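Subject: Structure for you to look at

Hi there,

Here is the structure I promised to send over. Please open it alongside this note, and I will walk you through what I found.

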Amino acid sequence: MKAYWNITKSTIPVTLSVIFLFINNQENVFAAPPRPHLCRPEQRDALVKLKNELEVFTSPFGYNCYVNGTILTPHPKTVSWEINNDGCTWEGITCNPESGEVIKLDLSCSYLRGQLHSNISLHSLTALDLSSNDFNGQIMSSLGNLSLLTSLDLSYNRFSGQIPSSIGNLSHLTSLDLSDNQLSGQLPSWIGNLSHLTQLDLSSNNFSGQIPSTIGKLSHPTFLVLSSNQFVGQIPSSFGNLNRLLSLVLDSNMLTGNFPIALLNMTMLSYISLHGSHFTGTLPPNVTSLSKLTFLDAAYNAFTGAIPSSLLTLPSLQFIRLQENQLNGTLDFGNMSLPSFLRELSLGNNNLIGPIPSSISKLTNLQYLDLSNLNTQGPVNFTAFSHLKSLYYLHLSNLNTTTTVDLNYIMSCFKSLYLLDLSGNHVSVTNKSSATYDLVMQPIQSLLLSGCGITEFPELLKTKQFLTDLDVSKNKLKGQVPGWLWTLPYLRHVDLSNNNLINFERSPRSGPSLMMAALLVSNNNFTGNIPSFICDLPSLRTLDLSNNNFDGVIPSCMANLRRTLTDLNLGQNRLHGGLPEYIFKYLRSFDVGHNQLTGKLPRALIHSTYLEVLNFLYYALTYSTDRYYFKLPSLSCKSSTYRITTSTELCRQTTFVKWSAMSSLSTNEDKLNRKYMGDVYSYDSLVLMDKGVVMELVRILKIYTALDFSRNKLEGKIPRSIGLLKELHVLNLSNNAFTGHIPSSMGNLRALESLDVSQNQLSGEIPQELGSLSYLAYMNFSHNQLAGLVPGGTQFRRQNCSSFEGNKGLFGPSLDEDCRDNIHTPASHKQYETTEESDEEVLSWIAAVIGAVPGVILGLTIGYILVSYRPEWFVNPCVRKKHKHRRRSNATH
């Protein structure tokens with residue numbers, strides 16, 4: 001027995017090895033052969049077809065690629081696709097490992113361009129992401145055939161047109177993102193049928209009309225973004241059904257009505273943005289029902305009434321943005337017994353009055369505070385702010401307080417301050433020779449002290465090595481600009497305008513920061529030449545030296561700025577000489593008016609394709625052949641205002657075809673968001689003739705378009721292409737030498753409010769098409785050679801007789817009896833003749849009188865001789881005809 005056990009024990013390992021090998025071989029025998037390709041052939045072919053339909057473009061500057069709010073670096077995913085490889089291994093492709101069918105296609109950030117025409121026949125797709133490319137055209141309706149889709153992302157492209165109705169067939173969709181495209185039309189009501197939708201983002205498109213109430217039928221939404229469109233009307237009350245919604249973003253639309261009470265039912269809401277619409281009424285006092293709210297942005301609306309004190313005591317609230325409304329009453333922070341987690345409180349630019357509550361010192365987590373334009377009506381205890389040690393941004397401008405702000409004390413309270421705005425207050429500056437270490441290390445970047453009554457530069461700025469923006473405009477600074485100012489290495493924007501400064505002190509180094517983007521020194525008493533250090537600022541974009549006493553010539557070295565300069569204002573100085581060449585290519589605003597400049601316009605001006613504002617008023621041209629100047633393909637931005645004084649021919653050389661800003665109609669958003677022309681640092685201004693009145697535009701609205709070519713020596717015909725400027729509001733061609741007919745194409749100027757073509761040499765009829773211009777409130781056709789029927793529109797019947805006088809042949813029912821007498825009076829001399837022209841006219845009359853006396857004597861003598869010696873010429877008609885025929889024959893030969 002023992003021997004048997006020994007034999008068995010010794011053979012067990014061998015037996016187990018044999019069994020293991022047998023089982024392993026059996027598995028290999030019965031296992032299916034490996035797939036040569038995991039991706040199914042028809043799926044791979046569909047992917048190849050899609051790739052061949054698209055273009056991979058390159059961009060030397062790259063572009064922003066957003067994925068879930070994160071900026072990524074794009075790269076062309078499809079370049080690596082190879083036909084002979086397994087399609088499931090291609091970048092951006094995810095397959096079902098069992099079936100080999102493509103279930104996810106992610107081509108986001110892939111440098112793809114083109115239109116999608118063919119069907120994407122990947123019917124097992126559950127996720128399609130084509131975001132952050134350059135697709136254009138309409139969204140394919142065939143996407144509705146991908147019935148298994150749960151996620152569709154076409155954001156950050158250029159898709160246009162309406163959302164195809166077939167998208168409504170995607171009943172399994174949980175996420176739909178069509179944001180940042182050019183989609184338009186009304187939002188379809190079938191959106192509410194996508195019952196599984198949890199995330200819907202349609203922001204930054206051109207959708208219009210009302211928000212469909214059917215959105216309230218969605219049962220699971222958590223994220224709803226409809227911002228930056230043109231939606232009108234009120235928020236549907238059905239939104240109150242979205243009780244699972246976490247985030248609601250409706251900002252930058254044209255929505256109206258009161259604060260939607262329905263939102264108070266959304267007890268899960270943590271994020272609300274109603275920014276930049278047209279909401280009115282008061283904020284609801286029972287906003288505390290939104291107990292989980294962390295972010296509330298209702299800025300830039302028209303809300304009135306008091307701020308509910310309960311709002312500031314919501315324990316979860318971290319961000320409150322209510323600036324730029326019409327809120328009134330006093331500030332009340334309520335019961336601040338509990339610790340506040342508030343990080344931002346923006347209440348600036350409302351109608352709030354009264355003192356700043358001392359309890360503000362308990363908001364110790366505040367990082368951003370804006371109380372600008374709070375009408376405190378008395379003293380302010382600035383020591384309350386010293387407890388807010390976490391502040392990064394502090395806006396306290398225009399507090400209407402009797403308290404003087406000690407700049408040194410305020411800045412010493414905050415170690416982490418990035419921005420301080422005390423503009424419009426009375427600020428005291430104590431220039432000390434030393435500063436604490438904490439003050440030296442303070443990272444402040446923006447210091448705004450405009451209109452603070454400051455008489456000397458704050459020397460504490462010497463230590464602010466991170467300062468980028470300094471505004472000390474509208475103060476009482478005098479003498480020199482200190483040289484140490486230019487030693488601050490990161491200085492980008494300096495506004496010294498509206499002071500009493502006279503010159504620049506020499507800098508310890510060559511000049512201002514190489515990062516300087518804007519230098520504004522207008523309305524001072526600077527004299528001498530334009531400082532040469534300006535030419536050494538390689539990043540300069542905005543330069544305003546206007547309203548000073550600079551003399552000399554414009555430095556030729558300013559050509560160094562031709563690649564950066566966009567806004568140049570040298571007006572209202574004593575500059576002489578001509579304009580240098582090659583500095584105009586990227587200029588958006590150019591003003592050299594009211595100087596003593598002479599010479600011809602620089603030929604490089606023809607390449608100024610970005611010009612919006614141009615002022616050559618009182619620029620004395622040496623001759624009138626600068627015709628290429630009118631070939632500017634300018635006005636490429638949304639609006640422009642021209643005021644030009646020159647002497648040239650307009651008819652043969654001008655084309656308005658490329659002036660696209662005046663050609664394209666403004667959107668409703670453009671007209672409602674009345675922003676002014678200018679850059680981030682300064683606004684444009686201009687003087688022009690509007691409706692017969694000289695008008696100064698201190699700020700030019702972006703939707704305001706005007707052409708003022710009056711009081712020049714322009715000649716020839718008015719171009720027909722002027723009718724392309726459909727956004728033109730003011731057109732003044734008066735006091736020139738235009739001839740020919742008024743072009744009928746002016747009837748296309750539907751936005752025209754003021755038309756002045758007086759004091760020219762125009763002939764023919766007033767085009768009947770002008771009678772249909774309903775906005776045309778002012779017109780002047782006087783002192784031309786016009787004739788024919790005056791248009792019968794209502795606007796014409798409201799004009800004064802002076803609008804038509806001096807035209808002999810005008811008639812029609814639009815003219816009163818008194819007007820019919822006035823229009824036949826001869827055209828008077830142009831009221832804007834120059835002194836030189838008047839002197840020439842007087843000299844011409846004197847010359848005529850001097851020459852008349854001997855001329856009469858000579859004429860009588862010749863007549864006596866002819867009558868005495870050739871009497872037959874006056875008696876025999878045949879002889880007269882014979883001599884007449886002989887003269888014609890001689891002239892012919």
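Please keep in mind as you read that the model is a predicted one.

Cys-535 has a disulfide partner, Cys-557, and the two sulfur atoms lie 2.0 Å apart. The torsion about their S-S bond is about 55°, which means that the disulfide is right-handed. In the chain, this pair links distant parts: Cys-535 sits in the loop between β34 (527–528) and β35 (542–544), while Cys-557 belongs to the loop between β36 (549–552) and β37 (567–569), and 22 residues separate them. What about the exposure of the partner? Cys-557 has 25% relative accessibility, so Cys-557 counts as partly exposed.

Are Cys-88 and Cys-95 buried or exposed? Cys-88 is at 14% relative accessibility, and as the cut-off for buried is under 20%, Cys-88 counts as buried. Cys-95, with a relative accessible area of 13%, is buried too.

Two further cysteines are worth a click while you are there. Cys-413 has a relative accessible area of 8% and is therefore buried. For Cys-452 the value is 1%, so Cys-452 is buried as well.

Finally, a stop away from the cysteines. Gln-761 is placed in strand β50, which covers residues 761–764. With 37% relative accessibility, Gln-761 falls in the partly exposed class, because that class runs between 20% and 50%. Which residues does Gln-761 touch, leaving aside those up to four places away in sequence? They are Ala-737, Phe-738, Thr-739, Gly-740, Asn-784 and Gln-785. One of them, Ala-737, is 24 residues from Gln-761 in sequence, yet the C-alpha to C-alpha distance between the two is 6.0 Å.

I hope this gives you a handy way into the model. Do write back with any questions.

Best wishes

Definitions and conventions. Residues numbered from 1 in each chain as written. Predicted model: local features only at pLDDT ≥ 70, side-chain atom pairs only at ≥ 80, totals over all residues. Heavy atoms only, no water. Buried < 20%, exposed > 50% of the residue type's maximum accessible area, 1.4 Å probe, protein only. Disulfide = S-S within 2.5 Å. Helix = DSSP H or I, 4+ residues; strand = E, 2+ residues; numbered from the N terminus. Contact = heavy atoms within 4.5 Å.
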